[in-house]
Amino acid sequence: MSFEDIKLEAIPVGRDLLLLITGGVSHIGAASTAYPSGEGTEALTSAVPGHKEHTLSEEYARRASASLGRTVTVVMGIHYDNLSKEEIKEISKRTTEMLDHYLLEQQGNGANPR
């Protein structure tokens with residue numbers, strides 16, 4: 001499987017940002033919101049029972065919030081039937097690379113509204 005249909009959509013919400021990461025049968029499996037707090041970043045995560053996206057969404061929200069200096073919510077929903085452990089690792093790698101690319105692009109644009 002190539003997982004070519006996995007996508008990351010960035011939706012500005014005022015000064016905040018929503019990152020929607022979907023693929024396969026798109027759905028909402030988890031939502032994580034991270035925000036600057038003091039000298040660090042705080043995060044809250046909500047996961048739908050039986051879904052595993054929260055294992056990535058919170059890390060992605062924290063990384064994006066820290067990099068961009070703003071509140072970021074990551075909503076993830078990726079589903080493919082009967083994945084192997086290697087295919088799950090490939091999805092994780094692919095979504096991590098998508099986030100890295102997005103964050104580098106934003107830093108190059110000087111995007112930091114706060």
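Quick housekeeping. This is a predicted model, so local features need pLDDT of at least 70 and side-chain atom pairs count only at pLDDT 80 or more, while totals for chains, interfaces and linings use all residues. Residues are numbered from 1 along each chain as its sequence is written, and side-chain values use heavy atoms, leaving out hydrogens and water.

Okay, the overall layout. We've got two helices and five strands, and from the N terminus they go β-β-β-β-α-β-α. Those are DSSP runs numbered from the N terminus: helices are H or I with at least four residues, strands are E with at least two. The radius of gyration is 14 Å, close to the 13 Å from the globule rule for 114 residues, so the protein is as compact as a globular protein of that length. That radius is taken over C-alpha atoms, and the rule is 2.2 Å times the number of residues to the power 0.38. Along the principal axes, the C-alpha atoms fill a box of roughly 45 × 30 × 20 Å.

Now contacts, meaning heavy atoms within 4.5 Å. Of those between residues at least 6 apart in sequence, 68% join residues at least 24 apart.

On to the strands. Two strands pair if DSSP finds at least two bridges between them. Strand 3, residues 30-37, runs antiparallel to strand 4, residues 40-47, with eight bridges joining them. Pro-36, for instance, has Thr-41 as its bridge partner in strand 4. The two strands make a hairpin with two residues between them, and Gly-38 in the turn has a positive phi of about 60 degrees. Strand 3 also pairs with strand 5, residues 72-79, again antiparallel, over five bridges; there, Ala-30 has Met-76 as its bridge partner.

Let me compare two residues. Thr-22 sits in strand 2, residues 16-24. Buried or exposed, Thr-22? Buried, because its relative accessibility is 8%. Leaving aside residues up to four places away in sequence, Thr-22 touches Asp-5, Ile-6, Lys-7, Gly-77 and Ile-78.

Then there's Asn-109, in the segment after helix 2, which covers 85-108. Asn-109 is exposed, at 59% relative accessible area. Its C-alpha is 22 Å from that of Thr-41, which is 68 residues away along the chain.

Technical notes. Buried < 20%, exposed > 50% of the residue type's maximum accessible area, 1.4 Å probe, protein only.
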